[in-house]
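Trainee: Walk me through this model before I start on it, please.

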Amino acid sequence: MAAQQRQVQQQAVDFEDYLPVMAERLGEEGLMQELANGFRLLMDPARGLITFDSLRRNAPLLGLGGMSDADLRGMLAEGDLDGDGALSEMEFCVLMVRLSPDLMDEPRRWLDDAVSQASQFLF
């Protein structure tokens, strides 16, 4: 189990390395479009959701073919906000952004700068 967790964490780290770069190069709309494309690649066309079966069937397309069923179920559970056992497009996008904390570094710096500048006027 610990080895499986390390594998999932390593794959998440690999993902984190690329999402901020994608966001920088593609812009907000381009990134959301690419996330939507990724969702469509993994979803079950009949349900319009990423299900366990659709994830297992399509995982090799993302280099995740060696993951166990338990790991794939864990990935679904991580993003399943409504508890239906599958991921909607919104849940998928939220999960992808949540797995990439570096994506929020620049907006966080902007907010810190704005607060710092505003505090100069208040105090």
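Mentor: We'll talk about touching a lot, so: contact means heavy atoms within 4.5 Å. This is a predicted model, where local features need pLDDT of at least 70 and side-chain atom pairs count only at pLDDT 80 or more, while totals for chains, interfaces and linings use all residues. Residues are numbered from 1 along each chain as its sequence is written, and side-chain values use heavy atoms, with hydrogens and water left out.

Trainee: OK. How many helices and strands does the protein have?

Mentor: Five helices and zero strands, so reading along the sequence you get α-α-α-α-α; these are DSSP runs numbered from the N terminus, with helices being H or I of at least four residues and strands E of at least two.

Trainee: And how much of the protein counts as buried?

Mentor: Of the 123 residues, 29%. Buried is under 20% relative accessible area, exposed is over 50%, and partly exposed is in between, with a 1.4 Å probe and protein chains only.

Trainee: What share of the contacts is between residues 24 or more positions apart?

Mentor: That share is 47%, taken over contacts with a separation of 6 or more.

Trainee: Let's go inside. Which residues of the largest nonpolar core touch the most other members?

Mentor: I50, L55, L72, L76 and F92, out of 18 residues in that core. A core here is a set of buried Ala, Val, Leu, Ile, Met, Phe, Trp, Tyr and Cys residues joined through side-chain atoms within 4.5 Å.

Trainee: Which helices supply at least two residues of this core?

Mentor: α1 (2–42), α2, α3 and α4 (89–98) each do. α1 gives the most, with five residues.

Trainee: Back to I50. What is I50 in contact with?

Mentor: Skipping neighbours within four places in sequence, I50 contacts F39, L42, M43, L55, L76, A86, L87 and F92. Two of the names there, L55 and L76, also turned up on the list of core residues that touch the most other members.

Trainee: L76 keeps coming up. Which residues of α3 are buried?

Mentor: D71, L72, L76 and G79. Looking down the axis of α3, these fall within an arc of 140 degrees, so they line one face of the helix. The arc is that of the directions from the helix axis to the C-beta atoms.

Trainee: Switching to charges. How many salt bridges does the count come to?

Mentor: Two, where a salt bridge is a side-chain nitrogen of Lys or Arg within 4 Å of a carboxyl oxygen of Asp or Glu. In one, the side chains of R56 and D53 meet at 3.2 Å, N to O. R56 and D53 are three residues apart in helix α2, so about one helical turn separates them.

Trainee: Are those two buried or partly exposed?

Mentor: R56 is partly exposed at 40% relative accessible area, and D53 is partly exposed too, at 44%.

Trainee: What about R56 and D69: how far apart are the closest N and O atoms?

Mentor: 3.5 Å, in another salt bridge of R56. R56 is in helix α2 and D69 in helix α3, so this pair ties together parts that are 13 residues apart in sequence. D69 has 35% relative accessibility and counts as partly exposed. Through shared partners, the salt bridges join D53, R56 and D69 into one network.

Trainee: Last one, on the next loop along. Where does L62 lie?

Mentor: In the loop between α2 (52–58) and α3 (69–79). At 45% relative accessibility, L62 is partly exposed.
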